[in-house]
Amino acid sequence: MKKQIEQIKSVAEKEIKKAQNSQAIENLRIKYLGRKGKLTQVIKKISQIPKGKGQRREMGILLNEAKKKIQLAIAKQNQIIKRKKKNKNTWIDTTAPGQLPPIGHFHPITLAFREIWPLFERLGFTLVSYPEIEWEWFAFEALNMPTGHPARDDFETFFLDVKPHSKLGEMVLTPHTSSGQIREMRRINPPVRMINIAKCYRLNWDNTHTPMFHQFEGLVIDKNINLTHLKGIFEYFTKNFYGPERKIRLRPFHFQFTEPSFEVDIDCPICHGRGCRVCKSGWHELGGAGMIHPQVLKNGGIDPKKYSGFAFGWGVERTYMMKSGLKLNDIRILYENDLRFVEQF
Ligand code: DAH
């Protein structure tokens with residue numbers, strides 16, 4: 001009898017586990033626990049066991065346990081089926097508008113970079129990148145600014161506390177992208193068409209200066225390069241970057257490393273060159289430019305009798321701000337990471 005009970009129980013449990021709906025479970029309940037059920041029939045036989053030897057009691061306990069186990073299996077399986085049904089009925093409206101996660105965008109200076117660079121790429125310029133930590137020689141001497149030259153004062157340079165090089169001098173944080181000119185001349189032979197967009201550092205902190213800022217430097221060297229090429233490139237850049245209605249002008253200036261030298265101005269987007277409260281003169285300065293000084297070509301290892309070229313170096317921050325006519329009364333806001341400002345770009 002013991003064996004019989006054990007067998008009924010285990011078969012019942014197996015069958016219940018396989019049941020796929022509540023009707024099938026109910027049928028199994030009847031099969032085992034119903035009035036004529038398999039286990040019920042064994043229960044009925046218990047009265048046939050002679051009293052007194054404790055056998056009846058033992059069987060009683062076993063039967064009770066088996067019954068409970070089968071009931072438990074039924075309850076479990078019912079729950080599993082219920083859960084499956086519920087999952088099937090969970091309804092998702094795929095046409096409902098989703099919830100967008102907050103989406104960021106690039107910093108205005110990165111945006112500027114991404115707009116400036118392709119315009120030069122289209123003309124066959126190569127984008128290069130040179131060290132931000134540089135020897136004085138590349139940053140100054142090679143550009144006709146020897147130690148003690150007053151022009152060097154304008155650069156308010158950060159010096160690094162490292163052992164100076166016997167020929168190249170001290171190490172500095174690049175105060176302008178022009179140091180890349182010499183490196184590029186030494187890297188490749190003409191024709192050279194370089195664009196170098198990089199961070200620059202000068203010891204300045206006021207509403208028109210940040211100690212770190214960006215410049216983009218252009219360098220073109222080939223046979224018979226003259227001023228008209230320089231002007232042509234600027235016209236092209238201005239029309240494409242600012243729009244066909246904007247104008248630039250070259251204003252004679254002096255830089256050590258170019259001769260002749262110019263400052264490049266763009267007409268004020270607000271008053272279009274007439275003069276207003278923002279620009280005062282009608283024009284905004286973008287940066288410097290000029291024909292490369294023969295000595296600078298020599299310093300770069302290029303024969304000035306064979307080749308000529310032009311260079312320009314403009315501030316990225318300023319160039320980008322002039323697009324919208326945005327004249328920040330404090331440019332430090334660019335690097336304060338205040339979302340209320342950067343989200344406007
Ligand atoms: N390096 C100069 C500066 O930071 C800007 C400049 C002027 C770059 C004339 C040039 C140039 O390439 O030809 O003030």
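Which strand holds His 284? His 284 sits in strand E8, which spans residues 283–292. The model is predicted.

**His 284 and its surroundings**

- His 284 has a relative accessible area of 7%. Buried means under 20%, so His 284 counts as buried.
- Beyond its neighbours within four places in sequence, His 284 contacts Val 264, Asp 265, Ile 266, Cys 268 and Pro 269, among others.
- The contacts of His 284 also include Val 278, Cys 279, Met 322 and Lys 327.

**The sheet**

- Seven strands make up an open sheet with mixed pairing. Their order is E1-E4-E5-E9-E8-E7-E6.
- Strand E1 (126–128) and strand E6 (248–255) are the edges, and each pairs on one side only.
- From one strand to the next, the twist averages 25°.
- E6 pairs with strand E7 (residues 258–267) in the antiparallel sense, over seven bridges. Phe 255 has Thr 258 in E7 as its bridge partner.

**Strand E9 and its partners**

- E9 is largely enclosed by the rest of the structure, because six of its eight residues are buried.
- E5 and E9 are antiparallel and share eight bridges. Val 220 has Phe 310 in E9 as its bridge partner.
- E8 and E9 also run antiparallel, joined by five bridges. Here Ala 289 is bridged to Phe 312 in E9.
- Helix H5 (residues 108–121) lies across E1, strand E4 (192–201), strand E5 (212–222) and strand E9 (308–315). H5 runs at about 165° to E4.

**Helices H1 and H4**

- The axes of helix H1 (residues 2–18) and helix H4 (residues 55–89) come within 9 Å. They cross at roughly 5°.
- Angles under 35 degrees count as roughly parallel, so H1 and H4 are roughly parallel to each other.
- On the H1 side, the contact involves Lys 2, Ile 5, Lys 9, Ala 12, Glu 13, Ile 16 and Lys 17.
- On the H4 side, the residues met include Glu 58, Met 59, Leu 62, Leu 63 and Ala 66. Further along H4, Lys 69, Ile 70, Ala 73, Ile 74 and Gln 77 are also among them.
- By class, the contact of H1 with H4 has 10 nonpolar, one polar and six charged residues.

Technical notes. Residues numbered from 1 in each chain as written. Predicted model: local features only at pLDDT ≥ 70, side-chain atom pairs only at ≥ 80, totals over all residues. Heavy atoms only, no water. Axes fitted to C-alpha atoms, helices over the stretch in contact; angles between N-to-C directions. Helix = DSSP H or I, 4+ residues; strand = E, 2+ residues; numbered from the N terminus. Parallel < 35°, antiparallel > 145°, perpendicular 65-115°, else oblique. Contact = heavy atoms within 4.5 Å. Nonpolar A, V, L, I, M, F, W, Y, C, P; charged D, E, K, R; others polar. Buried < 20%, exposed > 50% of the residue type's maximum accessible area, 1.4 Å probe, protein only. Pairing = 2+ DSSP bridges.
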